[in-house]
Amino acid sequence: MTQADEPELVKHSGKMPGEKRKAQILSAATKLFARAGYTGTSLRDVAEECGMTKAALYYHFADKETLLRAVVEYRMSMLNKVIDAALADIPEDQSMQRIRAFVRASGRHIDNDRAGWVVGARIFWSIDALADRDAVIPLRDQYEGRLRAEIDKAIAAGELVDQDSGMIARLILSWVNYTPRWHKPEGPLSVEDVVDQFLDVTLAGLRPR
């Protein structure tokens with residue numbers, strides 16, 4: 001998802017279709033959670049950002065926990081769609097190309113949605129007391145499972161050493177998810193340049209000798 005895909009955050013007190021209003025709320029909540037943190041953001045803050053009353057916000061989300069979970073569910077769903085699109089035109093037997101496409105698409109998505117990354121990767125999983133957090137796990141597992149499946153195919157084809165594909169996937173995803181902590185969009189390297197180099201280094205140690 002690019003920033004252009006985000007619902008426009010405008011102050012609007014008139015009626016808005018339900019799905020559009022929900023998307024506006026999720027976008028506003030993402031921005032506020034990323035800026036002020038979970039404890040520093042109230043439902044009133046989100047409602048004011050959307051130009052609506054707190055009572056109207058309750059129509060869509062019963063509490064702040066539900067809203068945070070909805071933000072992360074939405075972000076993970078979009079990430080899975082991004083991966084689907086990135087792999088759609090690459091033949092199933094081209095696992096190494098598919099691994100690179102997976103990594104590059106993930107890097108682009110995170111780079112274009114850094115607020116969503118802060119909420120999903122840093123805030124959501126750090127709050128142990130959140131109820132129903134397990135509802136997001138299938139979406140996370142779907143994402144990680146896509147990469148693991150490609151690694152399994154590459155191992156079976158003799159393109160990678162026979163190591164645990166889950167560990168390899170976690171190794172790759174660890175630096176993919178770490179990239180926003182230091183990468184500067186205005187720097188000399190694009191996020192795709194960065195993840196390409198990291199992937200080359202990683203795969204250099206995983207190819208059969």
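The description below concerns helix α7 and its surroundings.

A: The model is predicted, so local features are used only at pLDDT of at least 70 and side-chain atom pairs only at pLDDT 80 or more, while totals for chains, interfaces and linings use all residues. Residues are numbered from 1 along each chain as its sequence is written, and side-chain values use heavy atoms, with hydrogens and water left out.

The protein chain contains nine helices and zero strands, where helices are DSSP runs of H or I with at least four residues, strands are runs of E with at least two, and both are numbered from the N terminus. Its order along the sequence is α-α-α-α-α-α-α-α-α. Of its 209 residues, 44% count as buried; buried means under 20% relative accessible area, exposed over 50%, and partly exposed in between, with a 1.4 Å probe and protein chains only.

The whole structure holds 14 salt bridges, each defined as a side-chain nitrogen of Lys or Arg within 4 Å of a carboxyl oxygen of Asp or Glu. One of them joins R146 to D84, with 2.3 Å between the closest N and O atoms. Because R146 belongs to helix α7 (residues 137-156) and D84 to helix α4 (residues 64-87), this pair ties together parts that are 62 residues apart in sequence. R146 has a relative accessible area of 24% and is therefore partly exposed; D84, at 35%, is also partly exposed.

A further salt bridge runs from K153 to E92, whose closest N and O atoms are 2.9 Å apart. This pair, too, links distant parts of the chain, since K153 sits in helix α7 and E92 in the loop between α4 and α5 (95-112), 61 residues away.

Two packed helices are described by the angle between their axes and the distance between the axes. For α5 and α7 the angle is about 155° and the axes are 8 Å apart; the axes are lines fitted to C-alpha atoms over the stretch in contact, and angles run from 0 to 180 degrees between N-to-C directions. The two helices are therefore roughly antiparallel, given that angles under 35 degrees count as roughly parallel, over 145 as roughly antiparallel, 65 to 115 as roughly perpendicular and the rest as oblique. The crossing of α5 past α7 is left-handed, a term used when the near helix is turned anticlockwise from the far one by less than a right angle, with clockwise giving right-handed.

Two further salt-bridge features complete the account of charged contacts. R114 pairs with D111 at 2.6 Å between the closest N and O atoms, and R114 is partly exposed because its relative accessibility is 22%. Salt bridges that share partners also join R100, R104, R108, E192, D196 and D200 into one network.

Finally, M167 lies in helix α8 and is exposed, its relative accessibility being 54%.
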